[in-house]
Amino acid sequence: MQKHDQDYIKKKNKATVFQLIKSSSPISRASIAKKTGMSPTTVGRIVAELYEQGFVKETEEQVTTGLGRKATMLELDRTSVLTAGVELDKSKFRIGMVDFDGRIISLREVNREVSETAEQTLNRIGLELQSMIEQEGMDPGKIIGLGIGMPGIVDEQSGEVILSAQLGWRNVRVAETLKTITGYEVAVDNELKVKALAEYCYGAAKGSKRTALIGFGTGVGSALIINGEIYRGETNSAGEIGHTIVDPNGVMCECGKIGCLQTYIAESSLITESNKIKPISTLNELFEERRKGQFWAANILDRAITFIGITIANVICLYNPDTVIVSGDLVEKYDEVRSFFENDQLQQYVWEPLRDTYQVVYSALGSEGVVIGSSLLAQEKFLSIEC
Ligand SMILES: [Zn+2]
C-alpha cells in the first residue's frame with residue numbers, strides 16, 4: 001500500500017471515530033470498535049489522539065459491561081474549539097464565531113466601502129475579530145483559525161485570491177496577510193463552495209452523496225460536494241457555469257466573451273437590460289414593474305426564469321446529483337420564481353432519463369451559510385477532521 005493511501009485511511013478512520021463520538025456520545029471505546037468494525041487497538045490510538053488534542057473528554061458516567069467491568073464513556077468537548085467564519089462581499093462583510101457543532105455563537109455585519117483596498121478591508125476584518133473576542137469575553141486560545149468565503153477564483157491551497165471581479169481584487173494574498181494581522185491560521189475559498197459544504201454538514205443536503213449548489217446572484221456559479229468533499233477541479237474553478245456560452249450571438253459578458261449564461265440571469269445584467277427601457281437600480285423595482293403589468297419587465301424576467309431552468313437542467317446533466325440546492329435572492333425571494341419550482345416547471349427542461357433522480361431544494365442555512373461554511377473549512381483544514 002502506498003504511503004498516501006495509508007495516510008488517507010488514517011484520516012478517514014479518525015474522522016469516522018470523531019463523527020461517531022459527536023453523534024452518539026456518551027459512548028465507550030468498545031462500542032466505537034463494535035460500530036465501526038475497527039480493532040480496539042486502532043480505536044484506542046485514535047481516541048488518545050483526539051483526547052490529547054482536547055476534542056474528546058471522559059465523562060463521569062461509567063457503564064458496566066457484560067463481563068462486569070467498568071467502561072469509561074467518552075464525549076465531545078463542544079467548547080474546546082472555536083473557528084471564525086467570514087463572508088466577504090462587495091458592500092459588506094460578516095464575521096461569525098462558530099462552535100464545533102456549526103452553531104454561530106456571535107455574529108456581526110460590517111459595511112464595506114466599494115472603494116476600499118484589499119489591505120484596508122483585511123485590516124478591518126482583523127480589528128472587528130479582535131473587538132468581537134474582547135467584547136464577548138472569548139478565550140483566544142480556543143480559536144484555532146479563521147475561514148473566509150468570497151466570490152471569485154481562489155487558490156485554496158495558498159490562500160491567494162486569483163481574481164474576484166466583484167471585489168476588483170487580483171492576486172491578493174488573503175491568507176498570508178490576514179495571518180500577519182490576526183496571528184491566526186487562515187483558510188480562504190470561493191463562497192459557493194463553502195456554502196455547499198455548510199449545507200451538506202448542517203443544512204439542506206445533509207445525507208446527500210452528490211450535492212450541487214447553484215447560486216444566482218451578482219453572477220451565476222455552482223459548487224459540487226461528492227461524498228462530503230468539495231469537488232475543486234484543477235484550479236479550484238470547477239462549477240463556474242456562469243461563463244459557459246449559451247448563445248454565440250448574445251450580449252457581451254463582463255468577462256469579455258459573448259453570450260455567457262450569466263448575461264441572462266445575473267442581477268447586474270437584468271438591471272442593465274431594464275435600463276434600456278426605464279432607469280431602475282434593483283431587482284425589487286424590476287419585479288414591481290412586472291407586477292404593474294409592464295411587458296418589458298415580464299419579458300426580461302420570463303427569459304431569466306427560462307435560463308434558470310436551463311442552468312439547473314444543464315447542471316443535472318453534467319453532474320447527475322441527488323440534491324440540487326438553489327440559492328440567491330432571485331430564486332429564493334420572489335414568488336414569481338418560487339412558483340417555477342413549486343409547480344415543478346423545471347421538469348420541461350430536464351432530459352427524460354434524469355427526471356425523478358434528484359430533488360431541488362432551497363438552502364436551509366440562508367444568509368448564514370457562508371459564515372458557517374467558512375468556519376467549517378477552517379475546522380477541516382486546521383484539525384484535519386471532516387464534518
Ligand atoms: Zn462571461
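**Zinc site, cores and sheet**

Reader: To start with the metal, what geometry does the site of the zinc ion have?

Author: The site of the zinc ion is tetrahedral, with angles of 104 to 119° among its 4 donor atoms. Four donors count as tetrahedral if all angles lie between 85 and 135 degrees, and donors are N, O and S atoms within 2.8 Å of the metal (3.2 Å for Na, K and Ca), with water not among the atoms, so sites may look incomplete. The model is predicted, and local features need pLDDT of at least 70, side-chain atom pairs count only at pLDDT 80 or more, while totals for chains, interfaces and linings use all residues. Residues are numbered from 1 along each chain as its sequence is written, and side-chain values use heavy atoms, with hydrogens and water left out.

Reader: Which protein atoms are the donors of the zinc ion?

Author: They are ND1 of H243 and the SG atoms of C253, C255 and C260, lying 2.1 to 2.4 Å from the ion. Along the sequence, the spacing of these donor residues is H-x9-C-x1-C-x4-C.

Reader: And are C253 and C260 buried or exposed?

Author: C253 and C260 are both buried, where buried means under 20% relative accessible area, exposed over 50% and partly exposed in between, using a 1.4 Å probe and protein chains only.

Reader: Switching to packing, how many residues does the largest nonpolar core have, and which of them have the most contacts inside it?

Author: A nonpolar core here is a set of buried Ala, Val, Leu, Ile, Met, Phe, Trp, Tyr and Cys residues joined through side-chain atoms within 4.5 Å. Helices (H or I, at least four residues) and strands (E, at least two) are DSSP runs, numbered from the N terminus. The largest such core has 38 residues, and those with the most contacts inside it are F216, I265, L286, I308, I312, V337 and F341. At least two residues of this core come from each of β12 (210–216), β13 (220–226), α8 (283–291), α9 (295–319), β15 (323–327), α10 (329–332) and α11 (335–342). The most is given by α9, with 12 residues. There is also a second, separate core of 30 residues, which includes A84, V86, V110 and V172.

Reader: What is F341 in contact with, leaving aside its neighbours within four places in sequence?

Author: With those neighbours left aside, F341 is in contact (heavy atoms within 4.5 Å) with I308, I312, V326, V331, V360 and Y362.

Reader: In what order do the strands of the 5-stranded open sheet come?

Author: The order is β14-β13-β12-β15-β16, and the pairing is mixed. The edge strands, each pairing on one side only, are β14 (229–231) and β16 (359–362). On average, neighbouring strands of this sheet are turned by 25° against each other, direction ignored. Two strands pair if DSSP finds at least two bridges between them; β12 and β13, which run antiparallel, are joined by 7, and F216 has V220 in β13 as its bridge partner.

Reader: Which strands does α9 lie across?

Author: It lies across β12, β13 and β15, and runs at about 155° to β12. Axes are lines fitted to C-alpha atoms, for helices over the stretch in contact, and angles run from 0 to 180 degrees between N-to-C directions.

Reader: What does S222 touch, not counting residues up to four places away in sequence?

Author: S222 sits in strand β13 and touches L192, L213, I214, A238, G239, I241 and Y319. It counts as buried because its relative accessibility is 4%.

Reader: Is S374 buried or exposed?

Author: S374, in helix α12 (residues 369–383), is buried, with a relative accessible area of 0%. Leaving aside neighbours within four places in sequence, S374 is in contact with G85, V86, G147, I148, G149 and V194.

Reader: Now some backbone details: what is the phi of N320?

Author: Phi of N320 is positive, about 50°, although N320 is not a glycine. This residue is in the loop between α9 and β15 and is partly exposed, with a relative accessible area of 41%. D356, also not a glycine, has a positive phi near 65° in the loop between α11 and β16, and D356 is exposed at 71% relative accessible area.

Reader: Is the peptide bond from S25 to P26 cis or trans?

Author: That bond is cis, with omega near 0°, and P26 lies in the loop between α1 (3–24) and β1 (27–28).

Notes
Four donors count as tetrahedral if all angles lie between 85 and 135 degrees; four count as square planar and six as octahedral if opposite donors are over 155 degrees apart and all others between 65 and 115; anything else is irregular.
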